[in-house]
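I opened the notebook today to look up salt bridges. Here is the model I worked from.

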Amino acid sequence: MSDSAEQEAMMNTKEGNNPSLSKKEIDGLKRFLGSSIEYYLQSFNEIIQGKKYKLNLAAAMAGPLWAASRNVWFLFWALLVTDILGCISITRSLWSSEAYPEASVAVGLGVLVVGRLIGGSVANSLYYNFYNKWRINNGLLKGTGNNRIMKGVALIAAIYPLTIYKFSATQVIDALDTFPTSRKIASTTANSIDAFVEWLTISFEDVFDSITWAIRGMLDFLELLFIGTPWPVMALLLLLLSWKMAGWKVVAFTAAALTYLGAFGFWDKSMSTMALVGASVFICLIIGAPLGILAAKKPRFNKILNPILDVMQTMPSFVYLIPAIAFFSIGKPPAVLATVVFAMPPMIRLTALGIQQVSPSVIEAMLAFGASPNQVLFKAQLPLAMPSIMAGINQSIMMSLSMVVVAALIGAGGLGYDVLSSLQHLDAGKGLLAGLAIVLCAMILDKIIQGHHRKA
């Protein structure tokens, strides 16, 4: 119903008149309220007039059950907390040896009564807010429902007794205080994983050696390019790249950053770090971009891939070093692979997002003119998704640089080694300078990529 018609109905109801509403409007309001229609018509009218804190006796008496039945779950959890706090204070007096247990009982009763009174005072306002949401989306649950009451009862039965007992009893049973398990479960599982890793290491030794050889070759080439090139030439190339991609402001910043790296003796280690990041990002690009395209085009594949990406992003970065060392020993190749696992998810996600955001009308127009799926991909979807793909590359670079210190634990070297060494020897000054060098490397790359994106 319209706002004016509803408010008029509420006013008429309060004055004792019959509401001048159509049968359809009255039926709609009845469908939402379910029961106590006249009471809530009057209450909602008072809320519109500014009286938001009228005590709802039913809500105050039933507490969480009233909130559950009316689908006001925020109030349910709030009342549940106050009820538990009050009950804990009361029951502690039964187990404790306090001189004046009556005080705990009085505090507990006070918390219960005050909590219920506050809950009853705000119940109508919260219910009115839910009613407004229902008017926008009629798919929301409405009125009272036995299923919701049963859910409330089940939650109360599951939470109240154990929580009150845990925080009230002086001595809690071991099964509740500590999760009942056996150490053999963890040790047996860990041993099985160790045996599986050992089998993989032996069975696929040639494969791992080939991957190590390929990554080492890539790193040797990049280090020859970054470190073997005379530093004035490399600095000039970076300045030219900054000017071409982002403009004079980024050129000035890049010049200042490179001056810092050289003046404090971080040039070679910075270039070594850049080589490691470059190799990692290149692998992320050649693997992540195709996976992102496939995820955008195949919803089922995307559903399988998303949980894997979640694990890759949330797993602590130190954990990636364990299989890297097991399969590839120590050094820069395993550091690159651990970095790739950590930095690849944003490349995949943003590539898929960019392709999914391409307007369907563009694709339909190309297909209507006889374009093949490959032509649609390479001539429309990828060019239009390029800003998102560039953002994915940028995020992969930033996450790769964040792995520099962690990768130094397995012999990656570079600036991460200086930070790690400073941490081990509590050398704050050296660690701060090396950390700032890593930040400047990240900012140079970020400004160049972001500048290119803005110019494009």
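Is K269 buried, partly exposed or exposed? I looked it up and found K269 partly exposed, with a relative accessible area of 33%. My cut-offs: buried is under 20% relative accessible area, exposed is over 50%, and partly exposed is in between (1.4 Å probe, protein chains only).

A note on the source: this is a predicted model, in which local features need pLDDT of at least 70 and side-chain atom pairs count only at pLDDT 80 or more, while totals for chains, interfaces and linings use all residues. Residues are numbered from 1 along each chain as its sequence is written, and side-chain values use heavy atoms, with hydrogens and water left out.

Next I counted salt bridges (a side-chain nitrogen of Lys or Arg within 4 Å of a carboxyl oxygen of Asp or Glu). I found four in the structure.

Entry on K269: its salt bridge partner is D418, with the closest N and O atoms 2.6 Å apart. K269 sits in helix 14 (residues 267-297) and D418 in helix 21 (residues 415-424), so the pair ties together parts 149 residues apart in sequence. Helices here are DSSP runs (H or I, at least four residues), numbered from the N terminus. I noted D418 as buried, at 3% relative accessibility.

Entry on E223: I found a salt bridge to K332, the closest N and O atoms being 2.3 Å apart. This pair links distant parts of the chain, from helix 11 (residues 205-228) to helix 17 (residues 332-356). E223 is buried at 18%, whereas K332 is partly exposed at 23%.

Entry on D310: it bridges to R349, with the closest N and O atoms 2.5 Å apart.

How values were computed
Helices (H or I, at least four residues) and strands (E, at least two) are DSSP runs, numbered from the N terminus.
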